[in-house]
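Here is a friendly tour of a protein chain for your next look at the viewer. Please keep the sequence and the 3D view side by side as you read.

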Amino acid sequence: MSKVTLKMIAERCGVSSAVVSACLSGRNKKIGCSSAKAEEIRKAVAEMNYVPSVFARSIRTKEVPIIGALFYAESETWQLHQRYFQAHLMEMTFLFNREDLEVAFIPYHSEEEQLKRLQRVVSRGMIGGVVSNIMTHSHVAFCSYLKECGLPHMVMGKPSVEGVYSVDYDLNDMISVLKRLFLASGLKHCFRVFARNGEVVFFSGISDAFSWNPDRMFTLHDVMGIADDAYFIIPGHEILNYMRYRGFSPPHILLCEQASEFLMPSAEYDLVVADVQSNRIHYIAAALSRWMKHGEKPENISHIVSDYGSIEVFPRLRGDARTRGKRRNEKKLGGKR
């Protein structure tokens with residue numbers, strides 16, 4: 001006879017596995033499950049001889065607290081994300097370890113896989129908390145389930161679902177800088193650049209400079225014809241190098257870096273450096289640790305990290321003395337010919 005699972009109980013009672021898990025741990029009222037439905041679930045558990053997993057018991061008794069870290073990792077462009085993982089996942093893991101919490105890395109390739117993997121580890125009682133990165137205007141199903149399952153969580157980004165605990169950047173100062181540089185360029189178009197599914201994709205505008213909106217996505221073919229009259233905002237030199245690898249090198253680039261030690265100003269692009277990653281990671285580790293260990297939820301559902309007072313702007317090095325001298329010499333040589 002096969003082992004009875006939370007999913008089997010959930011199907012019998014017409015609810016999700018997360019609701020069954022919440023009822024078994026006495027959290028049904030927190031997720032809006034009625035007493036009658038909770039009693040129906042407990043009766044089904046008894047009749048079906050369900051045996052909770054050792055992982056579920058350990059989470060409830062806080063013997064082995066484990067945080068599931070779900071991070072997007074595209075297989076075709078894995079190398080582009082190396083610095084992101086080093087700056088987020090590794091530092092975050094050590095911060096949680098100091099709080100006697102372990103981290104299970106759960107990479108995903110799509111929103112569908114992200115939701116599926118979360119549902120799997122929650123239904124099996126393998127984690128006691130969740131951290132995940134998301135893009136604005138996306139991940140609605142994932143965030144809805146995260147809110148429903150009742151686990152301590154922290155989303156990196158701006159969720160479209162209300163009531164999901166999150167931490168994000170205050171981009172007002174950054175957006176102001178980007179708009180100023182775009183206007184100073186005198187160019188007609190402005191695009192933000194990302195790599196997705198092995199392709200370079202583009203989004204028009206600056207107002208939501210770091211969000212992902214599939215309804216406003218353009219392909220390389222779409223922008224090729226207007227590239228000379230467009231300003232391309234690129235989040236990190238990995239994307240810049242990948243874009244060039246794909247054979248696209250537009251003349252007007254604004255590179256946005258998050259750590260000044262990686263790049264120096266260049267004659268090839270405008271450069272903006274602003275780093276708030278460390279502040280965000282420390283907030284996540286502190287807030288989620290308190291929630292998991294002591295049941296203390298963060299004071300604010302949406303926490304905004306703001307530390308852009310030290311934004312550094314380096315316009316491209318246009319025509320320094322050596323370049324001007326070289327051009328004068330080239331002009332003289334051309335005249336003699």
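The briefing below goes from the overall picture to helix packing, the cores and a few individual residues.

This is a predicted model, in which local features need pLDDT of at least 70, side-chain atom pairs count only at pLDDT 80 or more, and totals for chains, interfaces and linings use all residues. Residues are numbered from 1 along each chain as its sequence is written, and side-chain values use heavy atoms, with hydrogens and water left out.

**Overall picture**

- The chain contains twelve helices and 13 strands; helices (H or I, at least four residues) and strands (E, at least two) are DSSP runs, numbered from the N terminus.
- Of the 337 residues in the chain, 48% are buried. Buried means under 20% relative accessible area, exposed means over 50%, and partly exposed lies in between, using a 1.4 Å probe and protein chains only.
- Among contacts between residues at least 6 apart in sequence, 61% join residues at least 24 apart; a contact means heavy atoms within 4.5 Å.

- The axes of H1 (residues 6-13) and H2 (residues 17-24) come within 8 Å and cross at roughly 100°. Axes are lines fitted to C-alpha atoms, for helices over the stretch in contact, and angles run from 0 to 180 degrees between N-to-C directions.
- H1 and H2 are therefore roughly perpendicular to each other. Angles of 65 to 115 degrees count as roughly perpendicular, those under 35 as roughly parallel, those over 145 as roughly antiparallel, and the rest as oblique.
- On the H1 side, the contact uses Leu6, Lys7, Ile9 and Ala10, and on the H2 side Ser17, Val20, Ser21 and Leu24. By class, this contact has five nonpolar, two polar and one charged residues. Here Ala, Val, Leu, Ile, Met, Phe, Trp, Tyr, Cys and Pro count as nonpolar, Asp, Glu, Lys and Arg as charged, and the others, Gly among them, as polar.
- H1 also packs with H3 (residues 35-47), at an angle of about 130° and with the axes 10 Å apart, which makes H1 oblique to H3.
- Ile9, Arg12 and Cys13 of H1 make that contact with Lys37, Glu40, Ile41, Ala44, Val45 and Glu47 of H3. These residues divide into five nonpolar, no polar and four charged.
- H2 and H3 pack at about 90°, with their axes 10 Å apart, so H2 is roughly perpendicular to H3.
- Between them, Val19, Val20, Cys23 and Leu24 of H2 meet Ala38, Ile41, Arg42 and Val45 of H3. Seven nonpolar, no polar and one charged residues make up this contact.

**How H2 is enclosed**

- Seven of the eight residues of H2 are buried, so H2 is largely enclosed by the rest of the structure. The buried ones are Ser17, Ala18, Val19, Val20, Ser21, Ala22 and Cys23.
- These buried residues pack against H1, H3, H6 (111-123) and H7 (140-149).
- Just after H2, Gly26 takes a positive phi of about 80°.

**Nonpolar cores**

- In soluble globular proteins, nonpolar side chains tend to be buried together.
- The largest nonpolar core here has 43 residues, and Met92, Phe96, Val131, Leu254 and Ile284 have the most contacts inside it. A nonpolar core is a set of buried Ala, Val, Leu, Ile, Met, Phe, Trp, Tyr and Cys residues joined through side-chain atoms within 4.5 Å.
- Elements that each supply at least two residues of this core include E1 (66-72), H5 (82-98), H8 (172-185) and E10 (253-257). The largest share, eight residues, comes from H11.
- Leu254 touches residues including Leu178, Leu181, Phe232 and Val272, not counting residues up to four places away in sequence.
- A second, separate core of 22 residues includes Leu118, Ile134, Tyr145 and Val155.

**Loop residues to look up**

- Asp100 has a positive phi of about 60° although it is not a glycine. Asp100 lies in the loop between H5 and E2 (102-108) and is exposed, with a relative accessible area of 61%.
- His139 also has a positive phi of about 60° without being a glycine. His139 sits in the loop between E3 (129-133) and H7 and is buried, with a relative accessible area of 6%.
- Ile226, in the loop between H9 (220-224) and E9, counts as partly exposed at 30% relative accessibility. Ile226 touches His189 and Phe191, not counting residues up to four places away in sequence.
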